[in-house]
Amino acid sequence: LSKDKKTNVIFTKIWSNHVSQLKETISQTFIKNVVEDIHKNFTNAIVGDIYYKMSLEIVKITPDDITSQLKNSFTTKCLKNLTESNSINKTQLIWLLNALFEISKVVEFDSTQKSTVVNTVSQIIQDVEAISNVALLESLFTLYCALYEENLVYLYPQYLAIRGLGASKERLLPALSDVLTRVAENNINDFNNGFIMIINSFSELTTKEYSSAILELFQLQLTHIEKDNVIGSHLFVKSLSSFLTNIERFVSSPESVISIMKTIHSLEISKSALFTQFAIETLFPLCLKINLLFIHRENSNNDEIFSNTTKMISNVLLVHRVKLSNRNHLVISLLCHLLEVVSKSQEYNLSVDSTKALARLITNFCEPTNVSNNQSNNKHKLSSKVGLIKQSLRKHTPMLLVKYVHLSISRPFEVQERRELLSSIHSIFNLLSQNELRLVNSILDNSGKQYFKSIYIEYKRTGKWRED
């Protein structure tokens, strides 16, 4: 930390302690003396000096009834400084903009104050030198977000432009997230129009920076969508389809794609109602396509890509298993592909973590448990549903076993990979009856039959479930 930052941290800690002990006479005296001292010296203070910094920290963390006068005078002083921005340097201007952004969280600006900020910000942006100062652009944008009263379709292009100039998403996104929170609560039409703009932008990508920024906005929209937003729920499904269609345009932004996957599998749990039958079925080709496009030798994110695709499908099995009753072939097809990917673990620089993720997914698929969210179902009914699902699985899982045997012979798994996959293969054996086992054996060639026999013997010896 710099000396100034250390000083701020120490002062904030001391001040917070006194605020929490307001009933104590010593704390009351301390707060009173500090506020009086600031008032006495504030007139001649310089933007960004110790009195400005102390005032900002006090305004941020102190109850209104204690510092209402300081809060009002500090806000007025900062707004006056902003209108006289030509008389301060860029470092002071950036500090002032950031201070006003922080103040906006605890002070509601009136219409005149908002107009003052917006007009001054507009004038600053006209300065060519200002546009080349990334830190200044970040501060201008965050303050503008705090006073946002327009439409997302106007705000989003500004975000894209500033990100294209090198602005940090870490600085911009929290302010933009606050805007989305307000819009989602107060103006659903605006929220949905912003969503439509992002969906339409998927097919208009150009640079890496632009594609990453679009996905950042997409993630924000997904995070703030609510299930009672009927049109937004339909747009959510459309966005998944459009994302799948245009996924090739995002190959230069693997980190952003990973963030989208994490958001999707989080929504599968927290807002499961968004996932219609079509949305769920869209996830399978999406996961397949992401693996095909993003997992290659030069990519350092292969493990994360792989594990997040398996997580998306695992959550489908956890929450929406019933919707897959007649769609088990989709799961089998994807699992066969994932087995192929793991069989090339050295080529793709995949760690054993990816194999573990696949093994968990196969086991979850073969061992259905959560098949209904209806609490009124009794144990007998749930057991019947599990039995029906297992019966359906038996028709499809033989092909997965055939794929595993074929890969084990043609492209043998590494020792660690085979060890991790073993438990999931045993879960397939637990599921199958003698009829399905004979079917598997009849499909395999001679070498396949021999290998199949060896793993089945191993299963009976070490992996078969026993009541004892």
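Biologist: What should I know before we start?

Modeller: This is a predicted model, in which local features need pLDDT of at least 70 and side-chain atom pairs count only at pLDDT 80 or more, while totals for chains, interfaces and linings use all residues. Residues are numbered from 1 along each chain as its sequence is written, and side-chain values use heavy atoms, leaving out hydrogens and water.

Biologist: Why is cysteine 287 called buried?

Modeller: Buried means under 20% relative accessible area, exposed means over 50%, and partly exposed is in between, using a 1.4 Å probe and protein chains only. Cysteine 287 has a relative accessible area of 0%, so the word buried applies. Cysteine 145, at 1%, is buried as well.

Biologist: What makes residues 277-294 helix 15, and how does its reach compare with the expected span?

Modeller: Helices are DSSP runs of H or I with at least four residues, numbered from the N terminus (strands are runs of E with at least two). Helix 15 has 18 residues. The expected span is 1.5 Å times one less than the number of residues. That gives an expected 26 Å, and helix 15 reaches 26 Å from its first C-alpha to its last.

Biologist: Which helices do the buried residues of helix 15 pack against?

Modeller: They pack against helix 13 (230-245), helix 14 (254-270), helix 16 (302-320) and helix 17 (328-343). Among the buried residues of helix 15 are Leu283, Leu286 and Ile290. Contact here means heavy atoms within 4.5 Å. Leu286 is also one of the residues that phenylalanine 243 touches, along with others including Phe202 and Ile260.

Biologist: What makes a group of residues a nonpolar core, and how many residues are in the largest one?

Modeller: A nonpolar core is a set of buried Ala, Val, Leu, Ile, Met, Phe, Trp, Tyr and Cys residues joined through side-chain atoms within 4.5 Å. The largest has 145 residues, and Leu176, Phe236 and Phe243 have the most contacts inside it.

Biologist: How do you know that aspartate 190 has no salt bridge?

Modeller: A salt bridge is a side-chain nitrogen of Lys or Arg within 4 Å of a carboxyl oxygen of Asp or Glu. Lys and Arg count as positive, Asp and Glu as negative, and His and the chain ends are not counted. The nearest side chain of opposite charge to aspartate 190 is arginine 182, 9.3 Å away, and aspartate 190 is buried without a salt bridge. Aspartate 190 lies in helix 11 (residues 188-201).

Biologist: Why is asparagine 349 called partly exposed?

Modeller: Its relative accessible area is 46%, so asparagine 349 belongs to the in-between class. Asparagine 349 lies in the loop between helix 17 and helix 18 (352-366). Its phi is near 55 degrees, a positive value in a residue other than glycine. Most residues other than glycine have a negative phi.

Biologist: And why does serine 392 count as buried?

Modeller: Serine 392 has 17% relative accessibility, so the label is buried. Serine 392 sits in helix 19 (residues 379-394).

How values were computed. Lists of a residue's contacts leave out its neighbours within four places in sequence.
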